[in-house]
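Biologist: Please take one part of this model and look at it closely. I would like to know how it sits among its neighbours, and what those neighbours do in turn.

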Amino acid sequence: MILGACGATAPQAPASSTQRGATAPAPTPTLLATAIFAGGCFWCMEKPFDQLSGVVATISGYTGGDLANPSYEQVSGGGTGHYEAVQIMYDPERISYQELLRTYWRQVDPLDGKGQFCDRGDSYRPAIFVANLAEEKAAQASLAEIAKLFERPVAVQVLPAKVFYAAEDYHQNFYQKNPLRYAYYRSGCGRDARLRAVWGP
């Protein structure tokens, strides 16, 4: 299944009825925007965004490469150019792109450009994928602010959005489907320990 790299989706709003039984005009549906972030294992990137008010859905997948419809095995094996990433569908009237960026930074080690935590290799590199000038300006401004906090260079790249491919079903909402394995993976990979070391409690 191929999803657009970024854009707006207008969900169908159900028609409502007045007390007299006449059909009232359906309200104009809110346009949902999308954002794409790579921060290592996509299992661990879904939950923090799902917890935000205004986020409608998160989808684990692959982006940034040239191979169409890549599989997990192909991406994790290397050579496709893809990143493991999460696509976030959100209501911009309830949460801003800048707020998503603030959440993103606290999920990654911004100083590690060769992977994240115990996951090494190109597919685990951190990146912010931008689809338009507004996103690029916001991402670059956010990166500049983060860079002031560290003496070492920030390794997170801001890249043009490319086609986003949803990952296999078993990867979606992994933290909900397999909570024990998810918790064991986060702990064993050292993700939370490193995040505390970088960002504090």
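Modeller: Of the 8 residues of α1, 6 are buried, so the helix is largely enclosed by the rest of the structure. Bear in mind that this is a predicted model. The buried residues of α1 are W43, C44, M45, E46, P48 and F49. Buried here means under 20% relative accessible area.

Some context for the chain. The protein chain has 7 helices and 10 strands. Buried residues make up 47% of its 201 residues. Take the contacts with a separation of 6 or more: residues 24 or more positions apart account for 73% of them.

Now the partner helix. Two packed helices are described by the angle between their axes and the distance between the axes. For α1 and α3, the angle is about 135° and the axes are 10 Å apart. The two helices are therefore oblique to each other; the cut-off for roughly antiparallel is over 145 degrees. The crossing of α1 past α3 is right-handed. On the α1 side, the residues that meet α3 are M45, P48 and F49. On the α3 side, they are L100, T103 and Y104. This contact of α1 with α3 divides into 5 nonpolar residues, 1 polar and no charged.

Leave aside its neighbours within four places in sequence, and T103 is in contact with P48, F49 and L52. P48 and F49 are both among the buried residues of α1.

E93 sits in the loop between β5 (83-90) and α3. With 68% relative accessibility, E93 counts as exposed. E93 and L32 are 61 residues apart in sequence, yet their C-alpha atoms lie 9.0 Å apart in space.

Next, follow α3 to its contact with α4. The axes of α3 and α4 come within 10 Å and cross at roughly 40°. That makes α3 oblique to α4. The crossing of α3 past α4 is right-handed. From α3, the contact uses Y97, Q98, L101 and W105. From α4, it uses E135, A138, A139, S142, L143 and I146. The residues of this contact divide into 7 nonpolar, 2 polar and 1 charged.

In α7 (residues 191-199), the buried residues are R191, L195, V198 and W199. Viewed down the axis of α7, these buried residues fall within an arc of 75°, so they line one face of the helix. The general rule behind such faces is simple: an α-helix has 3.6 residues a turn, so residues three or four places apart point the same way. On the other side of α7, R196 and A197 are exposed.

What covers the buried residues of α7? The cover includes α1 (43-50), α3 (97-105) and α4 (133-147). It also includes β3 (32-39) and α6 (179-188). After α7 comes G200, whose phi is positive, near 90°.

So much for the tour; back to the part you asked about. α1 is largely enclosed, meets α3 through M45, P48 and F49, and is included in what covers the buried residues of α7.

Notes:
Residues are numbered from 1 along each chain as its sequence is written. This is a predicted model: local features need pLDDT of at least 70, side-chain atom pairs count only at pLDDT 80 or more; totals for chains, interfaces and linings use all residues. Side-chain values use heavy atoms; hydrogens and water are left out. Buried means under 20% relative accessible area, exposed over 50%, partly exposed in between (1.4 Å probe, protein chains only). Helices (H or I, at least four residues) and strands (E, at least two) are DSSP runs, numbered from the N terminus. The arc is that of the directions from the helix axis to the C-beta atoms. Contact means heavy atoms within 4.5 Å. Axes are lines fitted to C-alpha atoms, for helices over the stretch in contact, and angles run from 0 to 180 degrees between N-to-C directions. Angles under 35 degrees count as roughly parallel, over 145 as roughly antiparallel, 65 to 115 as roughly perpendicular and the rest as oblique. A crossing is left-handed if the near helix is turned anticlockwise from the far one by less than a right angle, and right-handed if clockwise. Ala, Val, Leu, Ile, Met, Phe, Trp, Tyr, Cys and Pro count as nonpolar, Asp, Glu, Lys and Arg as charged, and the others, Gly among them, as polar.
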